[in-house]
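Here is a short briefing on a few local features of one protein chain. Have the sequence and the model open as you read.

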Amino acid sequence: MTSSEIRQQFLDFFASKGHQIVPSAPIVVKNDPTLMFTNAGMNQFKDLFLGNEEAKYSRVADTQKCLRVSGKHNDLEEVGVDTYHHTMFEMLGNWSFGDYFKKEAIEWAWELLTEVYKLPKDRLYVTVFEGDAGENLAFDEEAKGEWKKWIAEDRILNGNKKDNFWEMGETGPCGPCSEIHIDLRSEAERNQVDGASLVNNDHPQVIEIWNLVFMEFNRKADSSLEPLPAKHVDTGMGFERLCRAIEAKSSNYDTDVFQPLIQFVVKETGKAYGQDEKTDIALRVLADHVRTISFAILDGQLPSNNGAGYVIRRILRRAVRYYFSFLDRKEPLLHLMIPTLAEGFVEIFPELKAKQDFVRQVVKEEETSFLRTLEAGLNLINQEITEYGINLTTNLFEIKNSTSDAISPIGDLNSISAGLHQIEDIIIKNPGLLSAEFAFKLYDTCGFPIDLTELVLSEYNIEVDTAGFQALLQEQKDRSRKATAMETGDWTELFKAEATQFIGYDELESEVRIARMRKVKQKNKEQFQLVFDRTPFYAESGGQVGDTGVIESANERIKIIDTQKENNLIVHIAERFPENPEASFNARVDQNKRKETAANHSATHLLHAALREVLGDHVEQKGSLVNENYLRFDFSHFKGMEANEIKAVERRVNEKIRENIALDERRSVPIEEAKQMGAMALFGEKYGDEVRVITFDPNYSRELCGGTHVSATGVIGLFKITSESSVAAGVRRIEAITATAAENLMEEYEGTIQSLKDLLKAKDLQKSVEKLMEEKAELEKKLQSFEAEKTAAIKTSLKNQVEQRDGYSLLLGKVEVPNAEQLKNLSFQLKNEIPNLVAVFGAILNDKPMLSVILDESLVEAKGFHAGNTVKELAKEIKGGGGGQPFYATAGGNDASGLDAALAKAKTLFS
């Protein structure tokens with residue numbers, strides 16, 4: 001049975017039991033401040049469990065893309081090392097929202113595993129919650145009683161609270177769970193050790209495959225438990241583990257889920273799978289990580305330096321590091337795997353194949369960028385280990401090959417490998433210890449993994465202070481955790497209300513009542529959160545910021561400083577709690593802010609359409625920000641826009657504004673009907689069965705959108721692009737302004753132009769500026785000529801001060817030069833004119849002392865001289881530091897009075 005058949009049989013089985021089959025939610029989570037990624041199948045149903053939303057179906061089943069790498073579910077360091085952990089995995093699940101409970105959940109789980117999938121009953125074990133006296137929770141007799149109908153009692157094992165009581169988080173729905181484990185060991189091993197003793201003991205062949213969670217309680221902020229109004233079932237089965245069990249493999253990676261990817265890399269690199277442990281780990285890491293990276297990008301999360309984007313970048317870089325270090329691959333590889341990956345998911349997630357070109361481009365550029373980062377890290381390591389007497393490089397990396405004197409730039413990644421593996425003439429007499437601080441600097445600023453640092457330095461008998469590194473890493477994590485820690489109080493429910501009715505498309509003012517309220521504390525700041533029965537306030541979503549405004553009762557006035565969505569709950573952030581929260585309030589949105597925001601949002605739709613006209617249909621929205629001040633629009637395009645393209649887009653948008661096209665807004669349109677209308681949907685967004693369609697001319701712009709818009713395009717007034725830039729590989733960003741902001745900018749431009757005309761006393765501003773530029777160029781030529789004459793005079797004077805030593809010429813002195821570049825030019829000119837030169841110069845630049853050391857390259861090898869080491873020693877005299885290459889180095893300092901002492905020390909060093 002193939003993995004595709006296994007997945008389909010699961011869905012078909014639960015469809016036959018009356019379950020609605022729903023699509024996977026995006027792997028990237030939006031509108032939930034507690035999560036960055038979907039880490040469990042239940043995430044998309046969170047509002048149903050919390051009571052914020054009515055369930056459309058009482059029985060549901062799906063396969064959900066999940067990602068576990070950070071926070072509570074951090075499996076990253078295990079991935080690839082063992083055979084059953086993954087970053088991205090599919091969670092097969094079935095849910096009951098107040099419908100069936102333990103009896104049916106247990107019966108159907110057993111039926112599917114043993115009757116449909118034909119798993120051997122004598123290899124299965126189940127666990128039930130043993131109870132917890134501290135929580136006053138009883139043993140789950142009901143679950144055990146149901147299991148006894150299907151499995152021998154000696155295979156029903158008691159589980160503690162850690163393993164058999166599932167909680168969504170620190171607060172929220174929770175309940176006992178019942179796990180199903182399978183023993184995949186050989187018969188000989190099973191005869192020697194009873195499988196029951198290995199359940200939940202991290203045995204690689206005795207693994208959990210399904211968890212049946214019975215939601216019965218709600219965990220409150222004070223840690224107490226209260227019964228839920230209705231009981232629910234939430235089950236999750238690891239698809240990859242299930243395939244392993246059915247296909248009778250000893251590793252998840254040996255199934256047809258991963259093998260096509262592994263075999264592709266084997267063919268591409270020439271490495272074998274199953275012969276070397278380090279190679280196998282690297283192959284498993286690549287097969288796992290390319291899935292996570294690709295689906296995260298597909299669902300809208302581009303690699304970046306913060307938040308969820310940083311997690312994706314970290315995973316990608318871990319994969320690059322593994323193929324760089326263990327597969328001897330020095331050029332991008334992951335992006336080549338994506339077509340194979342897309343083909344494997346074409347039946348269940350066809351969108352990856354449809355967008356694979358974009359995903360490949362992003363991944364390739366990220367790989368290329370990190371390979372350059374590896375280069376930078378190796379350079380930093382090189383600078384540091386010169387302290388131990390090792391000289392690996394000059395001019396980034398000078399590769400000293402035993403068969404060649406050629407210098408290779410480090411841009412050639414094969415040269416890095418040569419520099420690390422082919423230096424045969426270096427002998428380290430005394431082992432060293434690389435500081436934890438330097439190792440952490442490599443990790444934190446260059447993204448250089450600690451184990452790669454250890455690998456590089458082990459070849460030179462230098463150890464890394466890993467204990468110190470881990471302590472620094474833990475300090476950073478603690479700081480980050482503290483910065484994001486949030487204390488969330490329980491909701492105080494004033495009255496039972498259905499989901500908040502949003503009326504803000506039609507009204508900006510309304511009478512409201514507070515249904516519930518709570519206090520949230522983060523970074524020692526308190527937030528006061530209110531939920532109304534109805535609201536005109538738009539909650540931040542789809543790139544549009546939340547509304548602000550006020551609520552007023554007969555006795556008080558309270559500012560609403562933001563409006564957010566928590567899952568599907570509209571939460572109003574107030575400056576304080578009302579004195580009488582049960583009063584009736586008049587809620588009023590800041591109309592000017594809403595008007596300017598709506599103009600910017602409508603402009604993004606016009607911009608999107610214009611970009612597709614000018615650049616091509618490959619343009620798709622990849623992110624946006626819309627507020628009252630400006631708009632930001634990210635879109636797929638693989639090169640910077642030309643000036644004429646920017647102008648064409650801007651002109652097209654303004655044409656549509658002048659046409660004053662009326663808004664065509666249609667609400668509650670069935671999703672399939674909307675697609676047939678040609679409405680553009682965004683990948684990575686989760687749409688319901690019914691959507692809102694926004695149209696400005698059906699032949700120009702039609703999109704699915706929940707944001708607020710102008711009544712006609714003429715309200716926008718004016719559209720002006722202020723910048724176009726790169727935001728990530730294959731993604732460009734336009735920032736623009738409209739309406740009042742655009743008018744203000746035009747007035748500012750006009751004022752600046754008039755001021756320049758007045759200043760230059762010019763009617764023709766362009767001609768006047770051109771004349772100034774010509775005069776400036778002429779003056780620069782004269783200045784260069786003057787500096788050349790001055791440098792020539794300095795050179796003549798210095799040449800007369802050269803002292804001849806044993807096999808080289810020594811030149812020491814203080815020089816007067818205008819800047820560091822002139823000092824460098826002077827040094828190199830003298831080196832080229834004086835044979836076998838050793839020169840040390842001191843200068844005062846911007847009231848700060850500077851030293852430079854330059855050597856003839858032949859002296860580096862013949863005499864063992866090293867400019868970098870020398871300048872570090874001399875810099876002590878000027879209370880500074882520096883470094884550089886073996887033949888040229890510089891240092892700066894804070895004590896100009898020490899220059900003479902530095903030059904005197906140099907004379908001693910080269911005596």
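Helix α11 spans residues 334–344, and its buried residues are Leu334, His335, Met337, Ile338, Leu341 and Ala342. Viewed down the axis of α11, these buried residues fall within an arc of 145 degrees, so they line one face of the helix. The model is predicted.

**Glutamate 366**

- Glutamate 366 sits in helix α13, which covers residues 356–385.
- Its relative accessible area is 7%; buried means under 20%, so glutamate 366 counts as buried.
- Leaving aside residues up to four places away in sequence, glutamate 366 touches Pro303, Arg313, Leu316 and Ala729.
- Arginine 313 is 53 residues from glutamate 366 in sequence. In space, the two are 7.9 Å apart, C-alpha to C-alpha.

**Helices α25 and α26**

- Helix α25 is residues 867–875, and helix α26 is residues 899–909.
- The two helices pack at an angle of about 135 degrees, with their axes 9 Å apart.
- Angles from 65 to 115 degrees count as roughly perpendicular and those over 145 as roughly antiparallel. At about 135 degrees, α25 and α26 are therefore oblique to each other.
- The crossing of α25 past α26 is right-handed.
- On the α25 side, the contact residues are Thr870, Glu873 and Leu874. They meet Ala902, Lys905, Ala906 and Leu909 in α26.
- Sorted by class, this contact of α25 with α26 has 4 nonpolar, 1 polar and 2 charged residues.

Note on methods: Residues numbered from 1 in each chain as written. Predicted model: local features only at pLDDT ≥ 70, side-chain atom pairs only at ≥ 80, totals over all residues. Heavy atoms only, no water. Axes fitted to C-alpha atoms, helices over the stretch in contact; angles between N-to-C directions. Helix = DSSP H or I, 4+ residues; strand = E, 2+ residues; numbered from the N terminus. Parallel < 35°, antiparallel > 145°, perpendicular 65-115°, else oblique. Left-handed = near helix turned anticlockwise from the far one by under 90°. Contact = heavy atoms within 4.5 Å. Nonpolar A, V, L, I, M, F, W, Y, C, P; charged D, E, K, R; others polar. Buried < 20%, exposed > 50% of the residue type's maximum accessible area, 1.4 Å probe, protein only. Arc of directions from axis to C-beta.
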